Amino acid sequence: MGKTSKDKRDIYYRLAKAEGWRARSAFKLMQIDDEFKILSGVTKAVDLCAAPGSWSQVLSRRLFENDQNARIVAVDLQPMSPLPGVIQLQGDITQLETAEKIISHFDGENADLVICDGAPDVTGLHSLDEYMQSQLVLAALNITTHVLKREGNFVAKIFRARNITLLYAQLKMFFRDVFCAKPKSSRQSSCEAFVVCLGYNPPTDYVPSMWNPLRLPTYEDLEKSTPINQRIVPFVACGDLHGWDSDRCYPLDIDDLLGPLPEKYIYREPVQPPTEPAYKHAVELRRKGALAKATNYLAQTIKHHVPKIQ
Ligand code: SAM
């Protein structure tokens with residue numbers, strides 16, 4: 001690909017370079033802000049998954065340049081070059097210590113706004129990528145419940161994939177208003193969009209927890225769970241993860257045995273075959289040599305009754 005071909009294809013990529021943004025995604029946040037005014041009145045902001053830092057740049061230019069008292073904390077697994085007015089934390093948004101460090105920069109107070117443009121490393125396997133992205137959004141929402149003040153706002157990147165309504169339902173439990181925003185700078189061909197969640201208002205009995213994100217209970221928890229736990233159907237993984245894998249094919253003779261099977265394959269009848277299987281009649285016909293006749297008759301009947309499609 002030539003040096004200029006990406007410039008030709010992508011106007012925002014070109015604009016970003018011209019305006020000094022570290023990534024074209026800066027435009028997405030600015031367009032969301034233009035529509036929803038999420039930065040208005042904000043003095044404490046958190047940028048989750050911030051590197052290389054174009055969203056932090058927007059916060060720096062739109063908040064810090066107007067008010068030097070504005071505090072901006074940017075978190076990422078990766079290090080990031082410094083920006084005016086932006087405090088950088090190299091950390092994982094799934095960790096409690098990251099939430100504690102964020103709050104420590106706000107003198108123990110909670111943030112007015114949390115934004116997250118996080119993305120996991122893409123594998124190219126759609127289902128896996130969608131799943132990883134949805135987990136990252138949930139992680140962002142979870143850490144947000146530790147650091148956001150009541151009535152504060154939350155913006156996060158999502159992929160509008162199959163189970164997105166479940167995420168919307170979860171967000172609606174925590175925010176007064178939830179919108180799905182698609183900025184112009186986000187390509188139409190991409191299922192990328194942004195949830196804009198306004199007015200943080202968690203359920204009354206909700207207690208933020210990192211080890212148990214969004215209060216999705218483990219089986220043992222159910223006994224001591226609060227009413228908010230019981231509104232969510234828990235998903236419990238059961239069984240030893242080192243055991244047999246139901247999605248894998250194994251050879252008939254297996255030398256490396258994990259379970260109660262002989263190493264040399266022997267065929268065994270089913271312990272309890274079905275008593276009235278749907279195929280029983282066909283098996284009887286075949287035994288009498290009448291199966292071919294019956295299928296011929298069926299074919300003729302179909303031919304006779306179903307008109308030819310021209
Ligand atoms: N918003 C950024 C900008 O405007 O420049 C771009 C973010 S980039 C698309 C996604 C980032 O998410 C990566 O830098 C990655 O390191 C970060 N990330 C992924 N998982 C993370 C995690 N668990 N904790 C912190 N950062 C994470």
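This report describes the ligand site, the cysteines, some backbone features and a surface patch of a predicted model.

## Basis of the values

In this predicted model, local features need pLDDT of at least 70 and side-chain atom pairs count only at pLDDT 80 or more, while totals for chains, interfaces and linings use all residues. Residues are numbered from 1 along each chain as its sequence is written, and side-chain values use heavy atoms, with hydrogens and water left out.

## Ligand surroundings

There are 18 residues around the ligand, a residue being near if one of its heavy atoms lies within 4 Å. Those that come nearest are Gly-53, Ser-54, Asp-76, Asp-92 and Asp-117.

A polar backbone atom of Gly-53 is 2.9 Å from a ligand oxygen, and a polar backbone atom of Trp-55 is 3.1 Å from a ligand oxygen. A ligand nitrogen is 2.9 Å from an N or O atom in the side chain of Asp-92. On its own the ligand has 600 Å² of accessible area, of which the protein covers 85%; accessible areas come from the Shrake-Rupley method with a 1.4 Å probe.

## Cysteines

The structure holds 0 disulfides, a disulfide being a pair of cysteine sulfur atoms within 2.5 Å. For Cys-49, the nearest cysteine sulfur is that of Cys-116, 4.0 Å away.

Cys-49 is buried, with a relative accessible area of 16%, and Cys-116 is buried at 3%. Buried means under 20% relative accessible area, exposed over 50%, and partly exposed in between (1.4 Å probe, protein chains only).

## Backbone features

Most residues other than glycine have a negative phi, and most peptide bonds are trans. The peptide bond from Ala-51 to Pro-52 is cis, with omega near 5 degrees. Pro-52 lies in the loop between β1 (44-48) and α4 (54-64); helices (H or I, at least four residues) and strands (E, at least two) are DSSP runs numbered from the N terminus.

Cys-49 is also in the loop between β1 and α4, and its phi is positive, near 55 degrees. Asp-107 has a positive phi near 50 degrees. Asp-107 sits in the loop between α5 (96-104) and β4 (111-116) and is exposed, at 60% relative accessibility.

## Surface patch

Leu-125, Leu-128, Tyr-131 and Met-132 make a nonpolar surface patch of about 390 Å². Patch residues have over 30% relative accessible area and no salt bridge, with nonpolar side chains (Val, Leu, Ile, Met, Phe, Trp, Tyr) joined within 5 Å and like charges within 9 Å. A salt bridge is a side-chain nitrogen of Lys or Arg within 4 Å of a carboxyl oxygen of Asp or Glu.

Met-132 is in helix α6 (residues 126-147) and is partly exposed, with a relative accessible area of 37%.

Notes:
A polar contact is a pair of N or O atoms within 3.5 Å; within protein, one must be able to donate a hydrogen and the other to accept it, and residues adjacent in sequence count only if both atoms are side-chain atoms.
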